[in-house]
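Dear colleague,

I am passing on the structure we spoke of, with the sequence, so that you can look at it alongside these notes.

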Amino acid sequence: MSTGELLDIQPEELQFPFELRKQISCSLLLSNKTDNYVAFKVKTTNPKKYCVRPNSGVVLPRSTCDVIVTMQAQKEAPSDMQCKDKFLLQSVIASLGTTTKDINPEMFSREAGHNVEECKLRVLYVAPPGPPSPVREGSDEDSSPDSASENGHSNVTEFTAASRNFNGRDEPVGATFETTTLVSKVTEERNLAIDQQRRLQQELLKVEW
């Protein structure tokens, strides 16, 4: 955090996760440490490259203000990924009741006798967030119910083994919906066969009697 007499500025560096042909934004939090109205103005060494909203304003006593800095999409990246752009944030005590529309360049003029506080901020390019971890081959996210092995039969064993590795826990063989359905069908057919066998036995007993 950059600390001044009037404003605390966080962070003290503007960090952009640089990506080609993509507009990128970062924010500054301005905190008024005083019991006065504080007017501020943001300047940059490369105004065509950045958009600052708001680029000027008033922070009420003991209050905060968010400033969004947006870097326009870049067509090429610097060879060393170093950025020489800088920002300057000026702040000055303003009269009670001052609003953004009341701000003028003279307020930040030291020649006019105003006590202007300045804070310089540098720009850093940082690596963009990495892509999500690739899904392991054979996991339940990339295996379709109709996936088949080379011999044309469902490869339930490999599927289950991959699922155990992916999920980090031991899943029983037959944990898929298709396998569960097959087991239920086989069980039902077995129960019907047992019932039919019992009925035949009962019929035989009646005949013998």
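In this predicted model, five strands make up an open sheet with mixed pairing, and their order is β3-β10-β9-β5-β7. Strands here are DSSP runs of E with at least two residues, helices being runs of H or I with at least four residues, and both are numbered from the N terminus; two strands pair if DSSP finds at least two bridges between them. The edges are taken by β3 and β7 (56-59), each of which has a single partner strand, so one side of each is left without a neighbour in the sheet. From one strand to the next the twist averages 25 degrees, where axes are lines fitted to C-alpha atoms, for helices over the stretch in contact, and angles run from 0 to 180 degrees between N-to-C directions.

A word on conventions: residues are numbered from 1 along each chain as its sequence is written. As the model is predicted, local features need pLDDT of at least 70 and side-chain atom pairs count only at pLDDT 80 or more, while totals for chains, interfaces and linings use all residues, and side-chain values use heavy atoms, with hydrogens and water left out.

Turning to the aromatic residues, the structure holds 3 aromatic pairs, a pair being rings of Phe, Tyr and Trp (its six-membered ring) with centres within 6.5 Å, called stacked if the planes are under 30 degrees apart, edge-to-face if over 60 and tilted for the rest. One of them joins F18 and Y125, whose ring centres are 4.7 Å apart and whose planes stand at 45 degrees, so this pair is tilted. Because F18 lies in the loop between β3 (13-17) and β4 (24-32) and Y125 in strand β10 (residues 117-126), the pair ties together parts that are 107 residues apart in sequence. Both F18 and Y125 are buried (buried means under 20% relative accessible area, exposed over 50%, and partly exposed in between, with a 1.4 Å probe and protein chains only).

Another pair is that of Y50 and F87, with ring centres 5.0 Å apart and planes at 70 degrees, so it is edge-to-face. Y50 belongs to strand β6 (residues 50-53) and F87 to strand β9 (residues 86-94), so parts 37 residues apart in sequence are tied together. Y50 is buried at a relative accessible area of 7%, and F87 is buried at 3%; F16, Y50 and F87 form one aromatic cluster.

As for charged side chains, there are 6 salt bridges, each being a side-chain nitrogen of Lys or Arg within 4 Å of a carboxyl oxygen of Asp or Glu. Among them, R122 and E13 meet at 2.8 Å, N to O, linking strand β10 to strand β3 across 109 residues; R122 is partly exposed, with 46% relative accessibility. K49 and D85 form another, with their closest N and O atoms 2.9 Å apart; K49 sits in the loop between β5 and β6 and D85 in the loop between β8 (64-71) and β9, 36 residues apart, and both residues are buried. E118 and R110 also form a salt bridge, at 3.9 Å from N to O, with E118 partly exposed at 37% relative accessible area and R110 partly exposed at 48%.
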